[in-house]
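Work through the exercises below with the sequence and the model open. Each task is followed by a solution in steps.

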Amino acid sequence: MPVPFIGRRFRPSEFEAYLKTLAFTYFQPEFVTLHHTGAPSLATRPDGLTDQHLQNLLNYYQNELGWSGAPHLFVDDREDGIIVFQRLDKRGVHAVSFNRNSWGIEMLGEYDSEEFNSGRGAKVRDNSVKAIALLNKRIAASPESLRFHRDDPQTTKTCPGLKVQKADIVARVANAMKTSPPPDMVSNTVPWKVFLSTGLEIRLVHMVGGRPTCRIKELLTLLRPNGTFTLNSNKTKVTWKTSTGNIKVINVAQIDEKGSPWGFLKEIADVARYRYEITGNRITLTKI
Ligand SMILES: [Zn+2]
C-alpha cells in the first residue's frame, strides 16, 4: 500500500480549520511524538522543504524503505511551516512503540548540534509548538502527554535532539493551549527547594511542564524504605510494591538520560502518604 501522501502546507490558523474536517475512526491518536529530521538539517535546507523535497521524502519512505506509512507532519521555519505529509486520520510510521496511537511530527533540523532556541531553529520550534497544541486540542490531550522519540524504549536515538528539552516544550505547548496549569505547577523562574520535615533537602528536583519532579525510586526509597519498583514496558508507569506488600502505581513524567523514571513530586508524596506544603519557594514533605 502506498503512503497516504498529502503534501500540503498550512499556517497555524489554517491548520486548526483543517483538523476540524477530519474524523478519527480507524486511527485514534492519543498523543504526539516529536522528532527531528537530523538529515536533512537546517543548513542543508536554506529555504525549508520545497515540494520537490517532499516528493523525495515520499519516494524514500514508500519506495526505498517500502513503508505504507510515514511521519504525519513535517515542520520547517516558514510562515506556512506546518506540512501535512500524510493523512492524519491514518496510522503513520515514525517510532516503533508509538505508531499505534500517536501522530509523528518531524521538525526540520539536526538539534544535537543546530541551535533550537534562536534563529531558524526557534521558528521551527514555534511552528511545532503551535501544531502540537492544535493536535492536542483536537483530541483533548494534555500538554504533558507529549512524547519524544527518545522516550521510546525501542530506540537509542537522541531524537528530537539533545538541545530539545521536554519541560521547555511542554510548558510552551501548555501556554499555547491556554490550559490552566496542573495544581502543583509552580513558576520556573524561582529556585525551588524541597525539604523533608526533618530538614533534609531533596536536591534532585527539576521541573517538567512547570511541575516539580524527582526520581521515583530514589525519593520513595527515602520516604518509605525497602519497596520494590517495576517500570512498565512503554515507560509510562512505575508499580511500587511497598515493604508491607501494598501495590501503588505512579505516573512517569520523564525518563532521564540514564533511563531512570521521574515522577511528579506531589503524586509521589501522595502515594507515600506525605503532606505536600508550599511556603514561598519552599516545598516541605511531612509524614502523615
Ligand atoms: Zn525520531
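The crossing of helix 1 and helix 3 is right-handed, where a crossing is right-handed if the near helix is turned clockwise from the far one by less than a right angle, and left-handed if anticlockwise. The model is predicted: local features need pLDDT of at least 70, side-chain atom pairs count only at pLDDT 80 or more, and totals for chains, interfaces and linings use all residues. Residues are numbered from 1 along each chain as its sequence is written. Helices (H or I, at least four residues) and strands (E, at least two) are DSSP runs numbered from the N terminus.

**Exercise 1.** Describe how helix 1 and helix 3 are placed relative to each other.

Solution. Step 1: the axes of helix 1 (residues 12-20) and helix 3 come within 10 Å and cross at roughly 20°. Axes are lines fitted to C-alpha atoms, for helices over the stretch in contact, and angles run from 0 to 180 degrees between N-to-C directions. Step 2: because of this angle, helix 1 is roughly parallel to helix 3 (under 35 degrees is roughly parallel, over 145 roughly antiparallel, 65 to 115 roughly perpendicular, the rest oblique). Step 3: Pro12, Phe15, Glu16 and Leu19 of helix 1 meet Lys130, Ala131, Leu134 and Arg138 of helix 3, contact meaning C-beta atoms, placed from the backbone, within 7 Å.

**Exercise 2.** Find the angle class for helix 3 and helix 4.

Solution. Step 1: the two axes, of helix 3 and helix 4, come within 9 Å and cross at roughly 60°. Step 2: helix 3 is therefore oblique to helix 4. Step 3: on the helix 3 side, the contact includes Val129, Ile132 and Ala133, and on the helix 4 side it includes Ile169, Val173 and Met177.

**Exercise 3.** Which residues of helix 4 are buried, and what covers them?

Solution. Step 1: helix 4 covers residues 166-177. Step 2: its buried residues are Lys166, Ile169, Val170, Ala171, Val173 and Ala174 (buried means 20 or more other C-beta atoms within 10 Å of a residue's own, exposed 12 or fewer, partly exposed in between, with C-beta atoms placed from the backbone). Step 3: the cover includes helix 3 (119-139), strand 6 (147-148), strand 9 (205-208) and strand 14 (254-255).

**Exercise 4.** Is Asn101 buried, exposed or partly exposed?

Solution. Step 1: Asn101 is in the loop between strand 4 (82-86) and strand 5 (102-107). Step 2: Asn101 has 14 C-beta neighbours inside 10 Å, so Asn101 counts as partly exposed. Step 3: leaving out residues up to four places away in sequence, Asn101 touches Gln28, Pro29 and Glu30.

Definitions and conventions: Expected span 1.5 Å × (residues − 1). Contact = placed C-beta atoms within 7 Å.
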